[in-house]
Amino acid sequence: MNLQSRAVEGDSAKDKNQKWWKTGTRPDYRFSLANERTFLAWIRTSLAIVAGAVGIDQFASHLGSAQLRLVLSLFLLMVGGILGGLAYTRWARAERAMRQEADLPLSLLLPFLALFTACLSVGLAWLIIDFG
Amino acid sequence: MQRETTLARDSGRQPERTGLSWSRTALLALIAASLSIRLSLSGTNVIHLLPALLLAALAGAMLHHGHQRSRYIESEEVVTAASRRFLLATSSVLVIASTIHIALLLARLMR
């Protein structure tokens, strides 16, 4: 079966018969391992954000007001949880694309993460200077 | 010829890099778990302990999985992709642990 006929059939019809991790061809193992390490890097990012949230909630009792700490912790936990979940979908999408020799999926997650980290650093620096 | 030597050199590092990646992620999970223990002191309910327990279990499973995996990669010529279920479980544990944290924080807010 070539790529064209697969595209004509449509993915949904094919997905019912076969799981995506069995379609296409197995990619070079080095690419799979790189994808796995990227997954782990996202997991570490998520873990670090969750740890930061717990740290702000439990260990930074002098930082800002109680409400502010609570809001900040909740926000960080949400971002951490979402990133943890997205780590898997990103891994799966990349793995699937590699199996079907398609382009790797683009993602807006990186610029968002960069913006998030920058805003967080500025905000925390301001908090520490103001209330520290 | 050149491809073979490149592959040989590369395959020497792949298991190491992947194994180390697993173990440093496990280390971070352990740190997050130990920070979360403090959270369990803030309540008497068993659910306060759950995030710490989940993260600690995740750290242990990751260490084990990474160790197994780097040994496996070293021994086999052809390597399959990561265990999809294990990665899914890893992601899920993080989502669950942060959701419990959020619930605990919201519960404290309600009090």
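What follows is a series of questions and answers on a predicted model.

Reader: Which order do the elements of chain A follow from the N terminus on, and what share of the residues of chain A is buried?

Author: This predicted model gives chain A five helices and zero strands, and from the N terminus on the elements run α-α-α-α-α. Among contacts in chain A between residues at least 6 apart in sequence, 73% join residues at least 24 apart. Of the 132 residues in chain A, the buried ones make up 45%.

Reader: How many helices does chain B have, and what percentage of its residues count as buried?

Author: Chain B has three helices and zero strands, which run α-α-α from the N terminus on. For contacts in chain B between residues at least 6 apart in sequence, the part that joins residues at least 24 apart is 67%. Chain B holds 111 residues, and the share of them that counts as buried is 38%.

Reader: Is A:Arg30 buried or exposed, and which side chain does the side chain of A:Arg30 meet in a polar contact?

Author: A:Arg30 is found in helix α3 of chain A, which covers residues 29–59. Its relative accessibility is 14%, and because buried means under 20%, A:Arg30 counts as buried. The side chain of A:Arg30 is joined by a polar contact of 2.7 Å to the side chain of A:Asp28.

Reader: How many aromatic pairs are there over all chains, and why is the pair of A:Trp20 and A:Trp21 called edge-to-face?

Author: A search of the whole structure finds five aromatic pairs over all chains. The ring centres of A:Trp20 and A:Trp21 lie 5.4 Å apart with the planes at 90 degrees, and since an angle over 60 degrees counts as edge-to-face, that is the class of this pair. With a relative accessibility of 14%, A:Trp20 counts as buried, whereas A:Trp21, at 29%, counts as partly exposed.

Reader: Which parts of chain A does the pair of A:Trp20 and A:Trp91 tie together, and how many residues apart in sequence are they?

Author: The rings of A:Trp20 and A:Trp91 form an edge-to-face pair, with 6.1 Å from centre to centre and 70 degrees between the planes. A:Trp20 lies in the loop between α2 (11–17) and α3 of chain A, while A:Trp91 lies in helix α4 (residues 66–99) of chain A, so the pair ties together parts that are 71 residues apart in sequence.

Reader: What area is buried between chain A and chain B, and which residues of chain A lose the most area to chain B?

Author: The contact takes 34 residues from chain A and 42 residues from chain B. The area buried between the two chains is about 3,700 Å², of which carbon and sulfur atoms give 70%. On the side of chain A, the residues that lose the most area to chain B, together 18% of what that side buries, are A:Tyr29, A:Arg37 and A:Leu47.

Reader: How many salt bridges does the rule find across the interface, and which element gives the most to the side of chain A that touches chain B?

Author: Across the interface of chain A and chain B the rule finds two salt bridges, and a salt bridge of 2.7 Å, N to O, joins the side chains of B:Arg69 and A:Glu36. The count of residue pairs in polar contact between the two chains, both at pLDDT 80 or more, is 10. The elements that give two or more residues to the side of chain A that touches chain B are α3 and α4 of chain A, and the element that gives the most, with 19 residues, is α3(A).

Reader: Over which ring does the charged end of B:Arg84 sit?

Author: B:Arg38 lies over the face of A:Phe59, at 4.9 Å from the ring centre. For the charged end of B:Arg84, which is 3.5 Å from the centre of the ring it sits over, that ring belongs to A:Trp21.

Reader: Is B:Ser98 buried or exposed, and which residues of chain A does B:Ser98 touch?

Author: B:Ser98 lies in helix α3 (residues 84–110) of chain B, and B:Ser98 is buried because its relative accessible area is 1%. A polar atom of the side chain of B:Ser98 lies 3.2 Å from the backbone oxygen of B:Val95. Not counting residues up to four places away in sequence, B:Ser98 touches A:Val50, A:Leu77 and A:Gly81.

Notes:
Residues are numbered from 1 along each chain as its sequence is written. Chains are lettered from A and ligands numbered from 1 in the order in which they are written. Side-chain values use heavy atoms; hydrogens and water are left out. Helices (H or I, at least four residues) and strands (E, at least two) are DSSP runs, numbered from the N terminus. Buried means under 20% relative accessible area, exposed over 50%, partly exposed in between (1.4 Å probe, protein chains only). A polar contact is a pair of N or O atoms within 3.5 Å; within protein, one must be able to donate a hydrogen and the other to accept it, and residues adjacent in sequence count only if both atoms are side-chain atoms. Rings of Phe, Tyr and Trp (its six-membered ring) pair if their centres lie within 6.5 Å; planes under 30 degrees apart count as stacked, over 60 as edge-to-face and the rest as tilted. A charge sits over a ring if NZ of Lys or CZ of Arg is within 6 Å of the ring centre and within 35 degrees of the ring normal. Contact means heavy atoms within 4.5 Å. Buried area is the accessible area (1.4 Å probe) that two parts lose on being put together, summed over both. A salt bridge is a side-chain nitrogen of Lys or Arg within 4 Å of a carboxyl oxygen of Asp or Glu.
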